[in-house]
Amino acid sequence: MIDFCFTLRTTNDVNISNRERAEMANNAGAGAFIRLHCDGIGNSGVTGASVQEPANGNPYMSAGNVSASQSLGRTVLNHYCSTTGIRNRGMARRNDLSGINWCKTPVCLLEMGFISNGDEDRKLNNSDFQQKIAEGIANGIDAYFGR
C-alpha cells in the first residue's frame, strides 16, 4: 500500500470530476487522500486555514473511514498551521462533497489560506513559504501514520 495519492493540475482547463479524483485515490490503494485548495471570499480581511472532512453518519462512507478521515484532517491541519503560522480556522464536517463521499480511503480537503486576502495570497505564492507548506503537510502525514 502506498501512503498517499498525489495528483497535480497545472491549468484550470481540467476535465476530471471530483468523483474521478476520489476514484483515483481508491484505485491507487492510497492510505490517505489529501485534497489541497485555497479559499476565497468577498471579504479580504478573512484569513486562515481549515479542513473539510466527512461528518459523523455520512451515508456514503463507513463509520471507520469517517473516523480515520477526521483524524487525518485534524492532524494535517494542526501541523500545517503550526509550521506555516497560518491561523487555524478548524474543521468543517460535511456530507455534501463528492470528492470526499466517493473515497474509500481516509480523505480530507485542506483549505490552505485565502487568496482573497492580499497577505495570505502573497505567502501562498512565495517559494520559500511553499516549502513551509510542504513541510507542514508532510509533518501532518507523518504524524497521522505514526512516524
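Trainee: How many bridges join strand 2 to strand 4, and do they run parallel or antiparallel?

Mentor: Two strands pair if DSSP finds at least two bridges between them. Here 3 bridges join strand 2 (residues 49-54) to strand 4, and the two run antiparallel; Q52, for instance, has L109 in strand 4 as its bridge partner. Strands (E, at least two residues) and helices (H or I, at least four) are DSSP runs, numbered from the N terminus. Bear in mind that this is a predicted model: local features need pLDDT of at least 70, side-chain atom pairs count only at pLDDT 80 or more, and totals for chains, interfaces and linings use all residues. Residues are numbered from 1 along each chain as its sequence is written, and side-chain values use heavy atoms, leaving out hydrogens and water.

Trainee: What joins strand 1 to strand 4?

Mentor: 6 bridges, with strand 1 (residues 33-39) and strand 4 running parallel. D39 stands opposite F114 there.

Trainee: So what is the strand order in the open sheet?

Mentor: The 4 strands go 1-4-2-3, with mixed pairing. Strand 1 and strand 3 are the edges, each pairing on one side only.

Trainee: Why is strand 4 largely enclosed?

Mentor: Buried means under 20% relative accessible area, exposed over 50%, partly exposed in between (1.4 Å probe, protein chains only). In strand 4 (residues 107-114), 8 of the 8 residues are buried, so the rest of the structure largely encloses it.

Trainee: Which residues of helix 2 are buried?

Mentor: Among them are V66, L72, V76 and Y80.
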